[in-house]
Amino acid sequence: RYGNRRGLHVDSMVVRGPVRTRLEDLPASHRAIVTREPGLGDEARREAAREVIARFARRAFRRPVAPEEVDRLMAVFRMADDRGESFERSIQVALSTVLVSPAFLF
């Protein structure tokens, strides 16, 4: 203590967790969307993400999804993934893009 002041100030705090590393550790609602483990390595993660994102987009848009549409959604996934986000969070960001798409809304 410094006189009447305490000398400690917390401006912000971020808590993340729990960290889930296996598909079976996810809630059932998540397992219905993320149906595949990401695997090891960037290529395996991106392949698993493409499968999950394409499946979700096809169901949300109620039609076949063009490869170019999946490529655009994968670009969103890659941005989050490259920032160091978890596989699950990177998928969430890409799927949020599907949900605000005019193809879904209309």
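## Close-up views of a predicted helical chain

**View 1. Ile91 and its neighbours.** Not counting residues up to four places away in sequence, Ile91 touches Val34, Ala49, Val52, Ile53 and Phe77; contact here means heavy atoms within 4.5 Å. This is a predicted model, in which local features need pLDDT of at least 70 and side-chain atom pairs count only at pLDDT 80 or more, while totals for chains, interfaces and linings use all residues. Residues are numbered from 1 along each chain as its sequence is written, and side-chain values use heavy atoms, with hydrogens and water left out. You will find Ile91 in helix H4. With a relative accessible area of 1%, Ile91 is buried; buried means under 20% relative accessible area, exposed over 50%, and partly exposed in between (1.4 Å probe, protein chains only). Met74 lies 17 residues from Ile91 along the chain, and their C-alpha atoms are separated by 9.0 Å.

**View 2. The whole chain, for orientation.** The chain has five helices and zero strands; helices (H or I, at least four residues) and strands (E, at least two) are DSSP runs, numbered from the N terminus. Read from the N terminus on, the elements run α-α-α-α-α. Of the 106 residues in the chain, 29% are buried. Among contacts between residues at least 6 apart in sequence, 45% join residues at least 24 apart. The average pLDDT of the chain is 82, and 83% of the residues score at least 70; pLDDT is the predictor's confidence in each residue, from 0 to 100. Among the elements, H3 has the highest mean pLDDT (95), and helix H1 (residues 28-31) has the lowest (75).

**View 3. Helix H4 and its buried face.** Helix H4 spans residues 87-99, and its 13 residues reach 19 Å from first C-alpha to last, close to the 18 Å expected at 1.5 Å a residue. That expected span is 1.5 Å times one less than the number of residues in the helix. Which residues of H4 are buried? They are Phe87, Ser90, Ile91, Ala94, Leu95 and Val98. Seen down the axis of H4, these buried residues fall within an arc of 130°, so they line one face of the helix; the arc is that of the directions from the helix axis to the C-beta atoms. The buried residues of H4 pack against helix H2 (42-61), helix H3 (67-82) and helix H5 (102-105). Take Val98 as an example: leaving aside its neighbours within four places in sequence, Val98 is in contact with Phe56, Ala57, Ala60, Phe61, Leu73 and Phe104.

**View 4. The largest nonpolar core.** This core has 23 residues, of which Ala49, Ile53, Phe77, Phe87, Ile91 and Val98 touch the most other members. A nonpolar core is a set of buried Ala, Val, Leu, Ile, Met, Phe, Trp, Tyr and Cys residues joined through side-chain atoms within 4.5 Å. H2, H3 and H4 each supply at least two residues of this core, and the largest share, nine residues, comes from H2. In soluble globular proteins, nonpolar side chains tend to be buried together.

View 5. The structure holds five salt bridges; each is a side-chain nitrogen of Lys or Arg within 4 Å of a carboxyl oxygen of Asp or Glu. Asp81 pairs with Arg45 in one of them, with the closest N and O atoms 2.3 Å apart. Because Asp81 lies in helix H3 and Arg45 in helix H2, the pair ties together parts that are 36 residues apart in sequence. Asp81 counts as buried at 11% relative accessibility, and Arg45 counts as buried at 17%. Arg50 forms a salt bridge with Asp71, the closest N and O atoms being 2.4 Å apart. Here Arg50 lies in helix H2 and Asp71 in helix H3, so this pair ties together parts that are 21 residues apart in sequence. Arg50 is partly exposed at 34% relative accessibility, and Asp71 is partly exposed at 37%.

**View 6. The Arg83 and Glu85 pair.** The side chains of Arg83 and Glu85 meet in a salt bridge of 3.7 Å, N to O.

**View 7. Arg62 in its loop.** Arg62 sits in the loop between H2 and H3. The phi of Arg62 is near 55°, a positive value in a residue other than glycine. Most residues other than glycine have a negative phi. At 77% relative accessibility, Arg62 counts as exposed.
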